[in-house]
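Please read them with the model open beside you.

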Amino acid sequence: MDSLRAFRTVDDAAAVAAGMVVAESRLQDVWRHAVIQMLDDYTSVLRHQGPDAASAMWADRPRLSGDRRVDAALAALGEHLARRDGWQPPAWVRDPGLEAVPWWFVTTLKGLHPRALVESPLSFRKRGVFITGGALQRA
């Protein structure tokens with residue numbers, strides 16, 4: 001996939017993540033270039049085309065990235081956005097195998113880990129992905 005094109009589906013994000021995992025990219029870079037880019041592209045579709053088109057981006061289960069932490073983060077984001085924006089989460093996000101092993105604190109700043117434990121939205125926390133309150137805030 002051309003990394004300059006917008007993600008049309010969560011599988012597009014998973015494909016980029018898988019390439020980055022194979023290339024042994026830092027997990028923080030995978031977070032930024034796959035997970036957060038998916039959030040940005042979803043937000044654009046939601047804003048311009050509405051919730052039906054935005055939720056359709058999450059309908060089909062994405063490929064596995066090769067790192068359970070990334071797969072868990074994508075599932076968590078899908079569930080989080082569904083609950084936040086009022087659409088039904090896709091069935092695939094309920095897969096109990098989509099759990100971060102080991103737990104993933106997205107920030108590498110260990111001093112922020114206690115804060116991430118408290119501030120992570122439930123959809124992330126229950127999958128072992130921990131983010132600070134501002135991690136999903138976009139301009």
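1. A salt bridge here is a side-chain nitrogen of Lys or Arg within 4 Å of a carboxyl oxygen of Asp or Glu. The model is a predicted one: local features need pLDDT of at least 70, side-chain atom pairs count only at pLDDT 80 or more, and totals for chains, interfaces and linings use all residues. Residues are numbered from 1 along each chain as its sequence is written, and side-chain values use heavy atoms, with hydrogens and water left out.

2. Glutamate 79 and lysine 126 form a salt bridge, with their closest N and O atoms 2.9 Å apart. Glutamate 79 belongs to helix H4 and lysine 126 to the loop between helix H6 (122-125) and S2, so this pair ties together parts 47 residues apart in sequence. Helices (H or I, at least four residues) and strands (E, at least two) are DSSP runs, numbered from the N terminus. Glutamate 79 counts as buried at 5% relative accessibility, while lysine 126, at 46%, counts as partly exposed. The cut-offs are under 20% relative accessible area for buried and over 50% for exposed, with partly exposed in between (1.4 Å probe, protein chains only). Salt bridges with shared partners join Glu79, Arg83, Lys126 and Arg127 into one network.

3. The count of salt bridges comes to 10. One of them joins the side chains of aspartate 11 and arginine 63 at 2.6 Å, N to O. Aspartate 11 is in helix H1 and arginine 63 in the loop between H3 and H4, so the pair connects parts that are 52 residues apart in sequence. Arginine 63 is partly exposed, with a relative accessible area of 44%.

4. Aspartate 29 is buried at 16% relative accessible area, whereas arginine 32 is partly exposed at 44%.

5. Which residues have the most contacts inside the largest nonpolar core? They are Trp31, Trp58, Leu77, Trp104, Phe124, Val129 and Leu136, in a core of 40 residues. Helices H1 (10-22), H2 (27-49) and H4 (68-85) each supply at least two residues of this core, and H2 gives the most, with 10 residues. A nonpolar core is a set of buried Ala, Val, Leu, Ile, Met, Phe, Trp, Tyr and Cys residues joined through side-chain atoms within 4.5 Å.

6. Contact means heavy atoms within 4.5 Å. Serine 55, in helix H3 (residues 51-56), is in contact with Tyr42 and Trp87, leaving aside its neighbours within four places in sequence. Serine 55 is buried, with a relative accessible area of 18%.

7. The structure holds 6 aromatic pairs. Rings of Phe, Tyr and Trp (its six-membered ring) pair if their centres lie within 6.5 Å; planes under 30 degrees apart count as stacked, over 60 as edge-to-face and the rest as tilted. Phenylalanine 105 and phenylalanine 130 are stacked, at 5.0 Å centre to centre and 25° between the planes. Phenylalanine 105 is in strand S1 (residues 104-105) and phenylalanine 130 in strand S2 (residues 129-130), 25 residues apart. Both are buried. Ring pairs also link Trp31, Trp104 and Phe124 into a cluster.
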